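Here is a short report on one protein model. Look at the sequence and the 3D view, then read on.

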Amino acid sequence: MSYNVVAYHLDNRIDLRAFRLSYTFEPLKREHSFLLFEVAKDQYIYLKDYGSVVFLNCSDTIINEVFGLLSSNFINQEDLLTEISNVCFGSDIEVDFDKIQVQDLSVDVAHIIMLNLAQSVALKYYLNTTAALHESTLVYAKQLEDTGHIRLSKKQMRIFIGKTMNVKNSIAENLFIFDSSDLSWSNEGL
């Protein structure tokens, strides 16, 4: 027996309070930065406020329902960054790139697995965002070096500077995604 775990990263923050008020299930765990729901036995939903949503062993119906509540606009999951893993069961705990073997699936084990996938997909998002910004900066730096000018209008230049500042601020605001859960410090197995 094994379960799929899929993490998505949205381009924006998630209003956890609004989601909690509109969702039919009560969260098993909640803090200012996350919500963890158990929708059925061994079926979990995890939302991080920085924009990651993780589904462990959830049907497409549940996934579509959650995405419907997250946005008034249609969200095409195929356009979002994803991390996919498989949870299987065995006598030892093993973690690989796309497989996690655990002895049993408690709420705390599910929480740690989903937190790590949420962090992974968020880091992938920021890596892609900064790489694209870096490429643009290299083009403009080369233009400046070669010609002494940058081929941007004043408005385009302000937009580029604003975008750069927003990316920097977003990364700084969400640096805590590198933190491990207090839960993992209290249990050696986690």
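## A residue in a loop

Asn57 has 23% relative accessibility, so it counts as partly exposed. Asn57 sits in the loop between S5 and H2. Here H and S stand for helices (DSSP runs of H or I, at least four residues) and strands (runs of E, at least two), numbered from the N terminus.

Which residues is Asn57 in contact with, leaving aside its neighbours within four places in sequence? They are Tyr3, Asn4, Lys41, Asp42 and Gln43. Contact means heavy atoms within 4.5 Å. Asn57 and Ala7 are 50 residues apart in sequence, and 11 Å apart in space, C-alpha to C-alpha.

## About the model

This is a predicted model, where local features need pLDDT of at least 70, side-chain atom pairs count only at pLDDT 80 or more, and totals for chains, interfaces and linings use all residues. Residues are numbered from 1 along each chain as its sequence is written, and side-chain values use heavy atoms, with hydrogens and water left out.

## The sheet

Eight strands form an open sheet. Their order is S2-S3-S4-S5-S1-S6-S8-S7, with mixed pairing. Strand S2 (29-31) and strand S7 (94-95) stand at the edges, each with a single partner strand, so one side of each has no neighbour in the sheet. Two strands pair if DSSP finds at least two bridges between them.

S3 and S4 run antiparallel and are joined by six bridges. Leu36 has Tyr46 in S4 as its bridge partner. The hairpin of S3 and S4 has two residues between the strands, and Asp42 in this hairpin takes a positive phi near 60°. S6 (residues 81-89) and S8 (residues 99-102) run parallel, with four bridges. There, Phe89 has Val102 in S8 as its bridge partner.

## Strands S4 and S5

Five bridges join S4 to S5, and the two run antiparallel. Leu47 has Val53 in S5 as its bridge partner. Tyr46 stands opposite Val54 in S5. The hairpin of S4 and S5 has three residues between the strands, and Gly51 in this hairpin takes a positive phi near 115°. S5 also runs antiparallel to S1, again with five bridges. Val5 has Leu56 in S5 as its bridge partner.

Are the residues of S5 buried or exposed? Five of the five are buried, so S5 is largely enclosed by the rest of the structure. Ser52, Val54 and Leu56 point one way, while Val53 and Phe55 point the other way. In S4, five of the six residues are buried, so S4 is also largely enclosed by the rest of the structure.

## Helix H2

Which residues of H2 (residues 60-70) are buried? They are Ile62, Ile63, Val66 and Phe67. Seen down the axis of H2, the buried residues fall within an arc of 130°, so they line one face of the helix. That arc is taken from the directions from the helix axis to the C-beta atoms. The face turned away from the buried side carries the exposed residues Asp60 and Thr61.

What covers the buried residues of H2 includes strand S1 (2-9), helix H1 (16-22), strand S3 (34-40), strand S4 (43-48) and strand S5 (52-56). H2 lies across S1, S3, S4 and S5, and runs at about 160° to S5. Axes are lines fitted to C-alpha atoms, for helices over the stretch in contact, and angles run from 0 to 180 degrees between N-to-C directions.

## Helices H3 and H4

H3 (residues 107-147) and H4 (residues 154-173) have axes that come within 11 Å and cross at roughly 150°. H3 and H4 are therefore roughly antiparallel to each other; angles over 145 degrees count as roughly antiparallel, under 35 as roughly parallel, 65 to 115 as roughly perpendicular and the rest as oblique.

Where H3 and H4 meet, the H3 residues include Tyr126, Leu133 and Tyr140, and the H4 residues include Phe160, Val167 and Ile171. H3 also lies across strands of the sheet, among them S1, S6 and S8, and runs at about 155° to S6.

Terms used: Buried means under 20% relative accessible area, exposed over 50%, partly exposed in between (1.4 Å probe, protein chains only).
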